[in-house]
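Please examine the model shown below before reading on.

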Amino acid sequence: MKRLLSGGIILAVLFSVISCNKKATDGYSIEGSISGADTTWVLLKKREEGKMITADSVQVKDGKFSFTGKVEMPEVYYLKLKDMDGALPFFIENSAITIKAYADSLDKSVVSGSVSNDTYVGFQKDEMVYNLKMEELYGKYMEAKEANDTVAVKGIETAYDSVQKAQSDFTKDFILKNGKSVVAAYLAISNAYAYSLEELKSINKAMDPSIANSNYVKELAEREVILGKVEPGQMAPDFSMNDTTGKPISLSSLKGKVVLVDFWASWCGPCRAENPNVVAAFKKYNSKGFTVFGVSLDDNKEKWMAAIAKDGLTWTHVSDLEHWKNAAAKQYGVMSIPANFLLDTEGKIIASNLRGEDLMKKLEEVVGK
């Protein structure tokens with residue numbers, strides 16, 4: 001519930017799809033028509049290393065456009081109109097694909113000819129029941145908050161968490177049952193932040209060898225390796241970053257203390273909400289050999305330093321100001337924040353993602369006595 005309330009509800013895009021049994025070709029061909037934009041440019045975009053790049057572009061002529069190319073494995077691309085907001089995500093594969101697009105509402109576009117996209121849209125349609133239920137609960141939650149009805153708020157939060165878990169279980173079940181489809185791998189990597197190492201292992205085992213060359217499958221395998229290195233019992237990977245004065249500080253320099261490696265950012269609402277708990281833990285146990293090593297995913301130094309001062313975070317802070325490309329976050333497999341790792345005096349990971357009372361209890365166990 002907290003994740004939604006901090007960032008709002010993001011509903012999955014629902015496409016209209018017409019199934020089409022067309023024979024695969026050596027590459028893909030996209031024949032498109034667009035209503036409401038007869039002379040604009042159509043951009044075909046894709047994500048590479050976290051950035052959206054333009055893979056191809058073409059000018060619309062008489063309301064029509066076309067693309068040709070080749071992909072090794074089915075992959076999500078984005079159809080975008082130049083100088084207009086919004087994009088249409090869909091799976092490209094080596095087949096004859098048809099798109100009927102609408103300039104004023106790309107989300108209502110009709111895509112046909114891609115079996116992978118049919119699979120994806122089918123998943124989204126089935127998943128929509130959970131999104132609609134969460135949207136309804138969110139509306140009720142805001143009404144209860146406005147009325148200061150704490151009893152109703154608590155009940156709605158419990159109901160929301162239940163629906164969210166059901167949605168997560170549905171998605172994971174779909175992934176495990178569709179291991180021959182790249183769509184399953186795409187959904188798995190899109191939700192990888194929520195999966196434990198053991199869950200990720202089971203998902204990777206479900207991926208069929210026929211899709212082993214998919215970038216999504218490769219990313220899942222890489223994440224399994226990373227998570228294996230930051231499990232409790234493992235020595236924490238060392239790293240060094242600049243502090244607020246530009247001086248490089250290494251994690252290993254804190255050896256001899258019990259350290260909470262805390263990933264956060266000034267722009268992260270849940271992080272700022274959790275900061276008072278970390279402050280309380282620091283004040284209570286700092287004199288007993290506990291400290292915090294704050295790693296910020298900010299990209300604006302002024303905002304980062306302002307948040308440190310405002311929240312009273314009086315421990316060591318570092319950042320490379322690379323936002324989600326933060327080198328330490330990648331090294332530790334951090335895909336959502338707040339995230340933390342508790343290390344013993346030798347630098348071994350004791351536990352991870354401790355919040356509020358759980359952090360206090362663990363610190364009492366480790367240094368309190």
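In which sense do strand 13 and strand 14 pair, and over how many bridges? In this predicted model, strand 13 (residues 290-296) runs parallel to strand 14, and the pairing extends over 3 bridges. Within this pairing, Gly294 is found opposite His317 of strand 14.

Both strands belong to an open sheet of 5 strands, arranged in the order 14-13-12-15-16 with mixed pairing. Strand 14 (316-318) and strand 16 (349-352) are the edges; each has a single partner strand, so one side of each has no neighbour in the sheet. From one strand to the next, the twist averages 20°. Helix 10 (residues 356-368) packs on this sheet and touches strand 12 (258-264), strand 13, strand 15 (339-343) and strand 16. The direction of helix 10 makes about 160° with that of strand 12.

Strand 2 (residues 28-35) also deserves attention. In a regular strand, side chains alternate between the two faces of the sheet. Strand 2 pairs with strand 5 (residues 64-69) in the antiparallel sense over 6 bridges, where Tyr28 has Gly69 as its bridge partner. With strand 8 (residues 96-102), strand 2 pairs in the parallel sense over 7 bridges, and Ser35 has Tyr102 as its bridge partner there.

Finally, consider two helices. The axes of helix 3 (residues 150-177) and helix 5 (residues 197-206) come within 8 Å and cross at roughly 35°. Lys172, Ile175 and Leu176 of helix 3 meet Glu199, Ser202, Ile203 and Ala206 of helix 5. By class, this contact comprises 4 nonpolar, 1 polar and 2 charged residues.

Technical notes
Residues numbered from 1 in each chain as written. Predicted model: local features only at pLDDT ≥ 70, side-chain atom pairs only at ≥ 80, totals over all residues. Heavy atoms only, no water. Buried < 20%, exposed > 50% of the residue type's maximum accessible area, 1.4 Å probe, protein only. Helix = DSSP H or I, 4+ residues; strand = E, 2+ residues; numbered from the N terminus. Pairing = 2+ DSSP bridges. Axes fitted to C-alpha atoms, helices over the stretch in contact; angles between N-to-C directions. Contact = heavy atoms within 4.5 Å. Nonpolar A, V, L, I, M, F, W, Y, C, P; charged D, E, K, R; others polar.
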